[in-house]
Amino acid sequence: MTVIALRLIAFACIAAALPCAQAAQPAAPAAAAAASGQAAPVVKVDEAWARATVAGQSSSAAYMVLTADAAQTLVSARTDVAGLTELHEMALQGDVMRMRALPEGVPLAAGQAVALKPGGLHIMLMQLKRPLRAGEVLPLTLTFKGADGRLRSQQVPVTVQRSAPGGTGAGSMGGGHMGGQGGQDGHAMPPGHGHMR
Ligand SMILES: [Cu+2]
């Protein structure tokens, strides 16, 4: 079962739990921002962090609080350490916590903080090319689509931590991306879980 091609089931997070070879690459320079065409930040980003991985883990997730000045949509994210990055949402469906990809992105209403947090919205980092170590800072590039349809990118430093920053958003939901339980990728879910579609 571990031979399922990741590509074919890019949306299936079960794939994310498959261990993969971890290339021992040096950490990417944290602040080597590819400042290509970046204007002033379009969205305020607070408390950005990603979950540190444990041995054999090939996926993780990043969380943060986004507050947009003007309505727009977070449409994608990427970071060099992940071969595949998706916007996901976890939600209780019946009594099972399920995760689904959000191909439409995450809408941000003007002035309203939107929390990406364990057990809810998150940026799924899959096909990790190396372990994520607590304390390191990953450059994550977020792309937003404005009401005018224009895409704007913004780079965000994401601190790798073992658990959520104190008091923010971790909540107490079981089955989320809470560390230490079950899933390699923090998705403590039964095998074979899929996305709601
Ligand atoms: Cu996910």
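**Exercise 1. Find which residues touch the most other members of the largest nonpolar core, and which elements supply that core.**

Solution. Start with the term: a nonpolar core is a set of buried Ala, Val, Leu, Ile, Met, Phe, Trp, Tyr and Cys residues joined through C-beta atoms within 7 Å. Buried means that 20 or more other C-beta atoms lie within 10 Å of the residue's own; with 12 or fewer a residue is exposed, and in between it is partly exposed, the C-beta atoms being placed from the backbone.

Next, look at the members. The largest core has 31 residues, and Ala50, Ala62, Ile123, Leu125 and Val158 touch the most other members. Two or more residues come from each of strand 1 (43-51), strand 2 (60-68), strand 3 (72-78), strand 4 (82-93), strand 6 (106-108), strand 8 (121-128), strand 9 (137-146) and strand 10 (151-161). Strands (E, at least two residues) and helices (H or I, at least four) are DSSP runs, numbered from the N terminus.

Now zoom in on one member. Leucine 125 touches Ala50, Ser59, Ser60, Ala61, Ala62, Thr79, Ala82 and Thr85, leaving aside residues up to four places away in sequence. A contact here means that two C-beta atoms, placed from the backbone, lie within 7 Å. As background, in soluble globular proteins, nonpolar side chains tend to be buried together.

**Exercise 2. Decide where the model can be read in detail, using pLDDT.**

Solution. First, a reminder of what you are viewing: this is a predicted model, in which local features need pLDDT of at least 70 and side-chain atom pairs count only at pLDDT 80 or more, while totals for chains, interfaces and linings use all residues. Residues are numbered from 1 along each chain as its sequence is written.

The score itself, pLDDT, is the predictor's confidence in each residue, from 0 to 100. The protein averages 75, and 63% of the residues score at least 70. Residues 1-39 stay under 50, and the model has 53 contacts for them beyond four places in sequence. Residues 168-197 are also below 50, with 68 contacts beyond near neighbours in sequence. Where pLDDT is low, the predicted coordinates should not be read in detail.

**Exercise 3. Describe the overall make-up: how many helices and strands are there, and what share of residues is buried?**

Solution. The count is zero helices and 10 strands. Of the 197 residues, 32% are buried. Then check the contacts between residues at least 6 apart in sequence: 74% of them join residues at least 24 apart.

**Exercise 4. Work out which strands pair with strand 2, and whether strand 2 is enclosed.**

Solution. Two strands pair if DSSP finds at least two bridges between them. Take the partners in turn:

- Strand 1 runs antiparallel to strand 2, with six bridges; alanine 50 stands opposite alanine 62.
- Strand 8 is joined to strand 2 by three antiparallel bridges, and alanine 61 faces methionine 124.
- Strand 7 (residues 113-116) pairs with strand 2 in the antiparallel sense over four bridges, with alanine 115 as the partner of valine 65.

Finally, count burial: seven of the nine residues of strand 2 are buried, so this strand is largely enclosed by the rest of the structure.

**Exercise 5. Are glutamate 47 and glutamine 127 buried or partly exposed?**

Solution. Glutamate 47, in strand 1, has a positive phi of about 50° although it is not a glycine. Glutamate 47 has 18 C-beta neighbours inside 10 Å, so it counts as partly exposed. Glutamine 127 belongs to strand 8 and has a positive phi of about 55°, again without being a glycine. Glutamine 127 is partly exposed, with 18 other C-beta atoms within 10 Å.
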